[in-house]
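Below are some notes for a colleague who is opening this structure for the first time. They go from the whole chain to its parts, and they are meant to be read with the model on screen.

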Amino acid sequence: SRAEMSKLFPDGVSEAAKRLTAQGVMTVDDNSLYSLQKQLRRGLKDAGLDSADNFFFGFVETLRNFDKFRISMMTSQPGTAVANFVSGVAMTGVDMSDRFWKNIMTHPSKPFKGVLDVVAGITYDRQNAQNMMLMLGDAAPIEVREILKSGSRFAVESGSASGLGKIGRFFNIHNTLVDGVFKEAMFYASVNRQLLDKNTSWKGFLSEVGDVKKLDPRIILQAKEDALSFTFQRSYKGDPSTFGRTANWFIETSERIPLLFTSWLPFPRYQANHIEKILDYTPLVGPAVVAWEKRMAAKLGKEGLNKLAKKTGTREVLLDPFKSKKDRYARSITGTTILISAIMARASQQGKGTEKYTQFIDDDGYQRDVGRIGGPYNAYLALADGVVSYANGEGPPIWKAARDTSFDIFDAATGVTPAGYTTTMGKELLTSIANGTWTEGFKKAFGDFLATFTYPAAFVRDVYAQFEPNEAG
């Protein structure tokens, strides 16, 4: 009975959970876990363990679901899906450059091998990309399911079976669909490229081997990480690198303790991926990290590296095991191209009166702000703006705009802007603390914070306003 099970729970379930987790067999779906959670809570109550502690944990779980729901509402507008689509197109171009430069280093006689694989996975070879996901879903269900479960790039988690979780997913279905197309294409491209590097291809593997279960599991694992990284959805679980461990701690802590980080960094997983992209594509950072890795490896010596391999599964001290040294070199070259392009773009705006590094005035005099769709590339625009202004003997506008705080630089570095989130509330909170009273700006920002729960209604209002201009917000 439930009452009898509840008596066994306090002593037995903890050790059992530890063993199951260690063996990697806790693969039940989220609906099952959610049902199990409710049954265990009932069991605690029947066993007389429904204490204040249990109430506290129940309250924290409710607050956690509430926080996830708030975040999902922040990204529920169609504008977020548009920004995601533009970002995906931009990442496709960046990926093509990365593959080209990696080919130059690996097999220079075939510089274009696999360069168009992501484009193929989206367009003319999409059927094969979809079939691959279905076939490998049987061979490696955990890896493929993690790709599908990740939802949209701004979601902390899309697998929650709570009522709020289901509502949040419903209002973000357009984001999930957009990101799903790019993830599927990148997964296909990664598998095919890895096989191309082994002198075959996905089609060749199917015709020669036939059984997808014989595909090297390391290829599938690499493809999973590539697909999630492409759409800024890596969780960094199991990543032994310094950045990976830090990012994973940040993401998991944000999930465990609601509002601790998400009140000012609402999209921890996206922002960790955003920062990783900036580091990956900043010129010379890749070669510098590789050189540092060699120095650290030399200090550890062979014995130390063997111990590290037993502990983490890799001999890399600092480097992400899913990025080879050639990957880092290629991304550094691509990043140099991006920075040069950003400098040229900002130089074209000199004397036109733009006030921010993301603003551009076209030949017809219309001002465009690319901040929301810029993603990690906003950081290069900020750097380029400073370079151009310094070359012209001016103080960099981004520094002028942030002379009282560093929030503008924070925006560019962490990527909170693409989802429509701003740091105004943080600025006004600091001002309020300094003044000893709530400022009007903080009251308005706090009102905007509460209004995030009504974002889906804003879209309906905007559509209605096309027919009734007086209703426009």
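**Notes on the predicted model**

1. Basis of these notes. This is a predicted model, in which local features need pLDDT of at least 70 and side-chain atom pairs count only at pLDDT 80 or more, while totals for chains, interfaces and linings use all residues. Residues are numbered from 1 along each chain as its sequence is written, and side-chain values use heavy atoms, with hydrogens and water left out.

2. The chain as a whole. The secondary structure comes to 22 helices and two strands, where helices (H or I, at least four residues) and strands (E, at least two) are DSSP runs numbered from the N terminus. Of the 473 residues in the chain, 44% are buried; buried means under 20% relative accessible area, exposed over 50%, and partly exposed in between, with a 1.4 Å probe and protein chains only. Among contacts (heavy atoms within 4.5 Å) between residues at least 6 apart in sequence, 68% join residues at least 24 apart.

3. The nonpolar core. A nonpolar core is a set of buried Ala, Val, Leu, Ile, Met, Phe, Trp, Tyr and Cys residues joined through side-chain atoms within 4.5 Å. The largest one here has 45 residues, and those with the most contacts inside it are Leu136, Phe187, Val191, Trp202 and Leu215. Helix 9 supplies the largest share of this core, nine residues.

4. Helix 9. How much of helix 9 is buried? The count is 18 of its 24 residues, so helix 9 is largely enclosed by the rest of the structure. The expected span of a helix is 1.5 Å times one less than its number of residues, and for helix 9 this should give 34 Å, which agrees with end C-alpha atoms that are 34 Å apart.

5. Helix 9 against helix 11. These two helices pack at an angle of about 140 degrees, with their axes 8 Å apart; axes are lines fitted to C-alpha atoms, for helices over the stretch in contact, and angles run from 0 to 180 degrees between N-to-C directions. That makes helix 9 oblique to helix 11, given that angles under 35 degrees count as roughly parallel, over 145 as roughly antiparallel, 65 to 115 as roughly perpendicular and the rest as oblique. The crossing is right-handed, the term for a near helix turned clockwise from the far one by less than a right angle, with anticlockwise counting as left-handed. Residues of helix 9 including Phe182, Phe187 and Val191 meet residues of helix 11 including Ile219, Ala223 and Phe230.

6. Helix 9 against helix 6. The axes of helix 6 (residues 126-139) and helix 9 come within 9 Å and cross at roughly 80 degrees, which makes helix 6 roughly perpendicular to helix 9. Among the residues that meet here are Met132 and Leu136 in helix 6, and Phe187, Tyr188 and Val191 in helix 9.

7. Helix 15 and helix 4. The 23 residues of helix 15 (residues 325-347) should span 33 Å, and its end C-alpha atoms are 33 Å apart, which agrees. Its buried residues include Asp327, Arg328, Arg331 and Arg346. The axes of helix 4 (residues 78-106) and helix 15 come within 8 Å and cross at roughly 130 degrees, which makes helix 4 oblique to helix 15, in a right-handed crossing. Among the residues that meet are Asp98 and Trp101 in helix 4, and Asp327 and Arg331 in helix 15.

8. Most residues other than glycine have a negative phi. Asn199, which is not a glycine, has a positive phi of about 65 degrees, and Tyr236 has a positive phi near 65 degrees. Are these residues buried or exposed? Asn199, in the loop between helix 9 (173-196) and helix 10 (202-208), counts as exposed because its relative accessibility is 74%. Tyr236, in the loop between helix 11 (217-230) and helix 12 (242-256), counts as buried because its relative accessibility is 1%.

9. Thr282. This residue lies in the loop between helix 13 (268-281) and helix 14 (285-312), and at 23% relative accessibility Thr282 counts as partly exposed. Not counting residues up to four places away in sequence, Thr282 touches Ser332 and Tyr380.
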